[in-house]
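Me: I am new to this structure and would like to learn how to read it one feature at a time. Could you take me through it, giving the general idea before each case?

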Amino acid sequence: MTKFDDQYWMQKAMECAQRAEAIGEIPVGAVIVKDNELIAEGWNQSITLNDPSAHAEMMAIRAAGQVLNNYRLIDCTLYVTLEPCSMCAGLLVHSRIERLVFGATDLKTGSAGSIMNLVQEPRLNHQLEVTSGVLAEQCSEQLSAFFRRRRQEHKERKKARQRKEED
């Protein structure tokens, strides 16, 4: 059996992020791996589902629980393109994910080391092994390109409204 590495699985998470972007969501993707096998994937769907909890990590963990028929994801690794927020970091602790691997850091809401480190908080009953920065540049660029495009589209809509008002 071929053993895939962190970069391979992060690429898979980036493919999930593309699925989010294709439906107008912020491009964040996640995959869960156990015994070197993909068991679940997720991507942001908060806007589509009108659900503020429908982050990529949440969607992947929900799917993994169904696949494993267990609410504990023992010996699993989560790969996600963006550092988890506090909601998702808390979920990772509760699900007993063994390892978290993320790409881009999130300096506004990152809770795996950037603004806080909930996933390794010693007062909690579970701490995760964390590897950060895997394909960080590519993950960051995927997000940055999305937001650049969104800002440009917003400018264009604003200009079109102004032209319409002038007519």
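Reply: Let us begin with burial, where a residue counts as buried when its relative accessible area is under 20% and as exposed when that area is over 50%, with partly exposed in between. Please keep in mind throughout that this is a predicted model.

Me: Is N44 buried or exposed, and where in the chain is N44 found?

Reply: N44 sits in the loop that runs between β2 (37-43) and α2 (46-49). Because its relative accessible area is 10%, and buried means under 20%, N44 is buried.

Me: Which polar atoms lie by the side chain of N44?

Reply: A polar atom of the N44 side chain lies 3.2 Å from the backbone oxygen of I26, and a polar atom of that side chain lies 2.9 Å from the backbone nitrogen of A56. If we leave aside neighbours within four places in sequence, the residues in contact with N44 include A20, I23, E25 and V28, and also A54 and H55.

Me: A56 brings me to α3, so how should I read a helix, and which residues of α3 are buried?

Reply: An α-helix has 3.6 residues a turn, so residues three or four places apart point the same way. Helix α3 covers residues 56-68, and its 13 residues reach 18 Å from the first C-alpha to the last, close to the 18 Å expected at 1.5 Å a residue. The buried residues in α3 are A56, E57, M58, M59, A60, I61, A64 and G65, and they pack against β1, β2, α2, β3 and α4 (86-95). Just after α3 comes N69, which takes a positive phi of about 55°.

Me: How many residues does α5 have, and what covers its buried residues?

Reply: Helix α5, at residues 136-166, has 31 residues and spans 45 Å between its first and last C-alpha atoms, which is close to the 45 Å expected at 1.5 Å a residue. Buried residues in α5 are C139, Q142, L143 and F146, and their cover includes α1 (6-22), β3 (76-82) and β4 (99-104).

Me: Why does A136 count as partly exposed?

Reply: A136 belongs to helix α5, and A136 counts as partly exposed because its relative accessibility is 24%, between the limits of 20% and 50%. Apart from neighbours within four places in sequence, A136 is in contact with G103 and A104. The C-alpha atoms of A136 and T77, which are 59 residues apart along the chain, are separated by 17 Å.

Me: What lines the second largest pocket?

Reply: The second largest pocket, with about 190 Å³ of space, is lined by 15 residues, of which K3, V33, N36, T77 and Y79 lie nearest its centre. The elements giving two or more residues to this lining are α1, β1 (29-34) and β3, with β3 giving the most, 3 residues. By class, the lining of the second largest pocket has 5 nonpolar, 2 polar and 8 charged residues.

Definitions and conventions. Residues numbered from 1 in each chain as written. Predicted model: local features only at pLDDT ≥ 70, side-chain atom pairs only at ≥ 80, totals over all residues. Heavy atoms only, no water. Helix = DSSP H or I, 4+ residues; strand = E, 2+ residues; numbered from the N terminus. Buried < 20%, exposed > 50% of the residue type's maximum accessible area, 1.4 Å probe, protein only. Polar contact = N/O pair within 3.5 Å; in protein donor to acceptor, adjacent residues only side chain to side chain. Contact = heavy atoms within 4.5 Å. Expected span 1.5 Å × (residues − 1). 1 Å grid on protein atoms, 1.4 Å probe; cavity = no way out; pocket = protein on both sides within 12 Å on 5 of 7 lines; lining within 4 Å. Points joined across faces, edges and corners; volume = space filled by probe spheres on them. Nonpolar A, V, L, I, M, F, W, Y, C, P; charged D, E, K, R; others polar.
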